[in-house]
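Trainee: Could we go through this structure together, one question at a time?
Mentor: Gladly, here it is.

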Amino acid sequence: MKNDSRARNHPAYWAFIVHRASGLLLALFLPFHFWALGQALQGAPALDGFLHWTQQPLVKFGEIGLVILLAAHMAGGVRILMLEFLAWRDWQKSLLAVAAGLSLAAGLAFALNVV
Amino acid sequence: MGDLGDLGQQYELASKMAILKEPVDTPLAPRLAPLPRTLTVRVWRGAENGGLQQFEVPRLENQTVLDVVTYIQRNLDATLSYRYACRVGMCGSCAMSVNGKARWTCRTHVANVATDDTLEIAPLNNLPVIKDLVTDMAPFFDKWAQAKGQFKGARTRADEFARVLPDSPQRKEVDAAIECIGCGVCYSSCDVVAWNPAYLGPAALNRAWTLVNDVRDTANAPRLAAVAGDAGCHACHTHVTCSERCPKHIAPTAGIAGLKRAVAVAAIKGEL
Amino acid sequence: MSIRTQVLLWTAQRLSAAVLALCVVVHLVTMIYAVRHGLSAADILGRTRGNYAWLIFYATFVAAVAVHAPIGVRTIVGETFGLRGAFVDVALVVLGAALALWGGRAVLAVFAPL
C-alpha cells in the first residue's frame, strides 16, 4: 500500500511539489515561448502583433504566474544543488524559506513593473 | 453501586465501565474512577485486498499504540496478526502506519496521535502485506544487500587493530548514520520507493554511506557502482520524509547526498 | 542504459542547472527591467539585433534548457506513469533536439531576422 497525504504534509515535500510542477509547466510553456519570439523572423510588426495580444489582463496575469514559476523553480533548484553538493548542515531547512521568499519577491517586482 | 469487594474487582469493573460516559466513583478508592472515553480504532485486516475493521478500546491515561493493538488481540479479536518484540523502543519490530505515518507503536503515545479519540492503524507502506499488520520485510533487506550494505575488510586476526579516530570527519559521518536498526520506517515513508520499484531506498543507501566512510572497508568501488543510477542514490529527490520520520533521528537524506558526491568523484576518476 | 550513462545524465542535469541558475537570474532581471513602460518589438529588437553578447547568452540559455528539460521530464514520466525504457529515452532525445532547434530559431530571429 502507498502513502497518502498525511505522510507528505511537511515543508520539504511541498518544496518538491513546487519544483516538479513548476518545471513541468515551464517545459510545456517553452515551445510556445520560442514560437512567439520566432515571430520576429517575419519582421518587427509580426512580433508587435503578438506583443499586443499579451496586453490583455488575463495574459498579463499569466505572465506574472510564469515569472513566479521560473523564480520558484530556480530558487528551489539552487536549494537542491546546495543540499547535494555542500555537506549537510542544520540551517539547510531555512534554505527553503529563503527560496520561497526570493521567488515571491521576483514575482512581485515583475508584477509591479508590468501592471 | 453497593459493596464492590476487593481492589482487583474494582479495577476490573472500572475498565468495563470505561464505555460509560459518566465517571463512576467507587467508595473505597475514588482514584480508580475510569476515564469516560473509548478509542475508536480502525485496524487493517487481510492482505493487500483487505479493509479496515473497527474496534472500541478503553482509553487509558498512559497508553501506547502497541498497548491498543495488544488489547484488541487479547480481548477483542485473537485472529489479529501483528509484530512486536522488545516493546521499549530498541528493536523496531513494532513499526506500523499510525494515522498515515510510519512509527514505532511502542514509542507512540496514544495521547500524541489520537485526535478525536480515533486511531487508524495499518501495516507499513511500500512492503507486501502478509496479513493484517504484518508486512514481508524481505524486499527491504534484499535491497540492503543489493546496495552492498555489508562490511568487507582485509585484515585478519594476525594483523594490528585498525586505528579509527572518533573525531575524524569520516568517522563523524559514520557515527551520524550507524545507529540504524533496520525498522523500515524510512523505507515505508519514501514516495520514490513507491514510484520506482527498483529504488534501493533510504535505509540501504544510508548503510552503504556508513561503509563508504569506513576507512577499514575494501569494497568501495563495487559498492559505489551498486548505489549509483536510476535505482540508486540518484533517484532521491530530497523529499526528506525519511529523515523526518526516522525514530533514531538519522538523516538518510544527508548520506544519500554524500553518495551522489562520492559517485561523481568516482565517475570522474574512471573508477565507476 | 548503463550505470555510467545514468550517472552522466544526473551530472548533466546538475551542470545544466548551475548554468541555468545564472541565465535565469539574468533573464529575470532583464525582463523585470524591460517591461517597465510596456514592451514593444522595437524595445526587444533594439537590444538584441546584431548584439553578439545577447546571441551568446541566449544560445547558451537554449543549449542548457535543451539538456535540462528532457532529463527532468524523463524522471516525471517514469515516476508518474511508470514509463521507462529505450522508447522513452529516444522520445526525450527528440524533445531535446526540438527545443534546441526551436530555441535556436528564436535566438536567431531576434539577433538577425531574415
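**Chain C and its partner**

Mentor: In this predicted model, 30 residues of chain C are in contact with 29 residues of chain A, where contact means C-beta atoms, placed from the backbone, within 7 Å. Local features need pLDDT of at least 70 and side-chain atom pairs 80 or more, while totals for chains, interfaces and linings use all residues. Residues are numbered from 1 along each chain as its sequence is written, and chains are lettered from A and ligands numbered from 1 in the order written.

Trainee: Which element gives the largest share of the side of chain C that touches chain A?

Mentor: Helices are DSSP runs of H or I with at least four residues, and strands are E runs of at least two, numbered from the N terminus. The elements that give two or more residues to this side are α1 (3-34), α2 (41-48), α3 (52-81) and α4 (86-111) of chain C. The largest share, eight residues, comes from α1(C).

Trainee: How many residues of that side are nonpolar?

Mentor: Ala, Val, Leu, Ile, Met, Phe, Trp, Tyr, Cys and Pro count as nonpolar; Asp, Glu, Lys and Arg are charged, and the others, Gly among them, polar. Three residues of the side of chain C that touches chain A are polar and three charged, and the nonpolar ones number 24.

Trainee: What pattern does chain C follow along the sequence?

Mentor: Chain C has zero strands and four helices. Read along the sequence, its pattern is α-α-α-α.

Methods. Two residues are in contact if their C-beta atoms, placed from the backbone, lie within 7 Å.
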